[in-house]
Amino acid sequence: EISPETSKRICDHMNKDHAVSVYAMAKSVIKVKSGWSITDARLLNVKLSGCKVKAVMCSGVMCEMEQAEFMFDPPLKSSSEIRKRMVEIHNQLLTPKLHWLVTKPVCLILLTITLVMGYGVIGLGVRGMIDTIDGAKMFSLYLSKVFGSTRIFVLFIRFMFYFTVVAHFLEAVYGLYHCRNTLKLGAKQQFLWSFLLATVGYPIMLEFSPFLAVAMANEAAKKES
């Protein structure tokens, strides 16, 4: 069993130097109500079977605290395994899911729009898109009323496609940088976050940002202390 002294030492180290891991553990075992967010997470004790985490959740000026057990699977055999297991848990809990592309409605919508624009811009080209749209008389007439002409609409679509590609590329580079240097994630996690950011951008950044915010706040607190 892990002694109280060892448990306290581990908790103090995790809370001071690895706040994002503690936050991720709390987020995985404590249900956060809609409109609420975890503003603080602490590791309270560590045993061979798991650890106890505490989270403060707030919505505006209202806050509440909850505790939960994060179970190790499999349980630790000795305290000497804790460092390696915490690294594994850190990478596991901060691994994004590829299925978000189809299970999150906003991701699916943006992915579909990007693919359609890509097919038009790269597959058909400007002339091909104009001819295709002009073949649908009612749709062409409507676009001409809104945009002035079918060609202006097609050029707008081409601009939006390349703007989207550049924006997602920059988000992916930003995510990769912080995966490596701020969150200290493994190669698999770096690739997945970068791929998802490059694919749909903003909704994935919403998933990524809370982890990054906790890690950056933790780094700032360490510099001040």
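**Figure 1. Aromatic pairing in the predicted model.** Nine aromatic pairs are counted in this structure, which is a predicted model. One of them joins F191 and F195 in a stacked arrangement, with 6.0 Å from centre to centre and 20° between the planes. Both residues belong to helix 8 (residues 187-200), where they are four residues apart, about one turn of the helix. F191 is exposed, at 55% relative accessible area, whereas F195 is partly exposed, at 35%.

**Figure 2. The ring cluster of W100, W193 and F208, with a lysine over W100.** Ring pairs connect W100, W193 and F208 into a cluster. The ring of W100 also has the charged end of K104 over it, 5.4 Å from the ring centre.

**Figure 3. A lysine over the ring of W36.** Here the charged end of K33 sits over the W36 ring, at 4.3 Å from the centre of that ring.

**Figure 4. The disulfide between C58 and C63.** The structure has one disulfide by the distance rule applied. C58 and C63 are joined by this bond, with an S to S distance of 2.0 Å. The torsion about their S-S bond is about 110°, and the disulfide is therefore right-handed. C58 is buried, with a relative accessible area of 12%, while C63 is partly exposed, at 46%.

Figure 5. For C11, the closest cysteine sulfur is that of C51, 7.5 Å away. A disulfide requires sulfur atoms within 2.5 Å, so the sulfur of C11 is too far from that of C51 for a bond. C11 is buried, at 3% relative accessible area, and C51 is buried, at 0%.

How values were computed
Residues are numbered from 1 along each chain as its sequence is written. This is a predicted model: local features need pLDDT of at least 70, side-chain atom pairs count only at pLDDT 80 or more; totals for chains, interfaces and linings use all residues. Side-chain values use heavy atoms; hydrogens and water are left out. Buried means under 20% relative accessible area, exposed over 50%, partly exposed in between (1.4 Å probe, protein chains only). Rings of Phe, Tyr and Trp (its six-membered ring) pair if their centres lie within 6.5 Å; planes under 30 degrees apart count as stacked, over 60 as edge-to-face and the rest as tilted. Helices (H or I, at least four residues) and strands (E, at least two) are DSSP runs, numbered from the N terminus. A charge sits over a ring if NZ of Lys or CZ of Arg is within 6 Å of the ring centre and within 35 degrees of the ring normal.
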